[in-house]
Amino acid sequence: MKQQILKVTENVRIAENVWKMVLESPELEEQKPGQFVNIKLDGLYLRRPISVYDAEPGKLTIIWKTIGKGTRQMAGLEAGETLDVLTGLGNGYDLSKSGDRPLLLGGGVGVPPLYLLAKRLIAQGKQVTVVLGFNTKAEVFGEAEFKALGCGVTVTTADGSCGIKGFVTDALPEEYSYFYTCGPEPMLKAVYRATKTGGQFSFEERMGCGFGACMGCSCKTITGYKRICREGPVLEKEEILWTD
Ligand SMILES: Cc1cc2nc3c(=O)[nH]c(=O)nc-3n(C[C@H](O)[C@H](O)[C@H](O)COP(=O)(O)OP(=O)(O)OC[C@H]3O[C@@H](n4cnc5c(N)ncnc54)[C@H](O)[C@@H]3O)c2cc1C
Ligand code: FES
């Protein structure tokens, strides 16, 4: 974990209530796919955790949905302003288990952490299939970006206004070697039931400190309690214990 001041170099709306921000600093190190950053905002005690969408040394991109005070404040930032950010948080996805034909399943603001993952898997020569799920057409983002990486992309919307009508689990391919997923908990539970291979789930639970000190994000797994912010946010399918 590293605390640093990053400069906003771009901040644009990309879909209904969804924003994309580029942050830069010469000090900024490489981030792993599935890791997150924790952002300090004016007048708010708790930092806001947001997944890494894309990263290279010196540059970090995030995508988020405006929910409450913190994420709305972020939408109002302009190029040239700075943010106090904790970087390099969380374990990230383990790419070594992907096999040759990994499947990536993202729902809504669970899509962003899959982009850097797809980029790295494609760079390793994997044949990557991505299914992106949204409620409605106005919320869809990322399709062109994943296609540009060389992924096979399917979009689903719950109301059928774009792509296949239904949920990501209605668009699972016949064949895949392993899966990676991130999205709202009902989607993660459906993915857990519908998938036939091993996989990794990223949990975007509510958080307190974000770096392992408060236990506010603790959850029970097959192998004991884990802090989502420290030993997660990525958990293996075999270790997950759903509470209901
Ligand atoms: C590891 C991780 C990665 C995340 N990645 C993304 C992302 O890439 N894009 C995105 O849009 N959202 C992401 N989220 C959710 C995002 O952190 C919340 O939407 C955000 O904190 C809401 O803040 P707010 O002030 O706008 O909302 P408010 O509702 O005003 O927030 C009130 C409090 O609740 C907390 N809170 C509310 N919802 C959540 C939530 N879902 N998770 C954690 N804390 C929450 C806030 O931190 C704050 O302390 C992620 C969450 C986690 C834990
Ligand atoms: S949020 Fe404090 S320990 Fe995880």
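Hairpin, sheet and ligand shell in a predicted model

Q: In this predicted model, how many residues lie between strand 1 and strand 2 in the hairpin that they form?
A: Strand 1 and strand 2 (residues 18-24) run antiparallel and are joined by seven bridges, and asparagine 11 stands opposite methionine 21 in strand 2. The two strands form a hairpin, and in its turn asparagine 17 has a positive phi of about 60°. The number of residues between the strands is two.

Q: What is the phi of asparagine 17, in the loop between strand 1 and strand 2?
A: Most residues other than glycine have a negative phi. Asparagine 17, which lies in the loop between strand 1 and strand 2, has instead a positive value, in a residue other than glycine. Its phi is near 60°.

Q: Which residue of strand 7 is the bridge partner of glutamine 3?
A: Strand 1 (residues 2-15) also pairs with strand 7 (residues 82-89), to which six bridges join it, and the two run antiparallel. In strand 7, the bridge partner of glutamine 3 is leucine 86.

Q: Why is one side of strand 11 and of strand 16 left without a neighbour in the sheet?
A: Seven strands form an open sheet with mixed pairing, and their order is 11-10-9-8-12-13-16. Strand 11 (164-165) and strand 16 (234-236) stand at the edges of this sheet, so one side of each has no neighbour there, the reason being that each has a single partner strand.

Q: What is the omega of the cis peptide bond that joins glycine 232 and proline 233?
A: Most peptide bonds are trans. The bond between glycine 232 and proline 233 is cis, and proline 233 lies in the loop between strand 15 (224-227) and strand 16. Its omega is about 10°.

Q: How far from an oxygen atom of ligand 1 does a backbone N or O atom of proline 49 lie?
A: Among the polar contacts of ligand 1, a polar side-chain atom of arginine 48 lies 2.7 Å from an oxygen atom of the ligand, and a backbone N or O atom of glycine 68 lies 2.8 Å from one. For the backbone N or O atom of proline 49, the distance is 2.5 Å.

Q: What share of the area that ligand 1 exposes when taken alone does the protein bury?
A: The space taken by ligand 1 is the largest pocket, and 20 residues surround the ligand, with Arg48, Pro49, Lys65, Gly70 and Thr71 the closest. Taken alone, ligand 1 exposes 820 Å², and the share of this that the protein buries is 85%.

Q: Which element gives the most residues to the shell around ligand 1?
A: By class, this shell has nine nonpolar, four polar and seven charged residues. Strand 4 (48-51), strand 6 (59-65) and helix 1 (69-75) are the elements that give two or more residues to the shell. The element that gives the most, with four residues, is strand 4.

Note on methods
Residues are numbered from 1 along each chain as its sequence is written. Chains are lettered from A and ligands numbered from 1 in the order in which they are written. This is a predicted model: local features need pLDDT of at least 70, side-chain atom pairs count only at pLDDT 80 or more; totals for chains, interfaces and linings use all residues. Side-chain values use heavy atoms; hydrogens and water are left out. A residue is near a molecule or strand if one of its heavy atoms lies within 4 Å of it. A polar contact is a pair of N or O atoms within 3.5 Å; within protein, one must be able to donate a hydrogen and the other to accept it, and residues adjacent in sequence count only if both atoms are side-chain atoms. Accessible areas come from the Shrake-Rupley method with a 1.4 Å probe; for residues, only the protein chains shown count as cover. On a 1 Å grid over the protein atoms alone, a cavity is a set of points where a 1.4 Å probe fits but cannot get out, and a pocket is an open set with protein on both sides within 12 Å along at least five of seven lines; lining residues have an atom within 4 Å of a point. A molecule sits in a cavity or pocket if more than half of its atoms lie within 2 Å of its grid points. Ala, Val, Leu, Ile, Met, Phe, Trp, Tyr, Cys and Pro count as nonpolar, Asp, Glu, Lys and Arg as charged, and the others, Gly among them, as polar. Two strands pair if DSSP finds at least two bridges between them.
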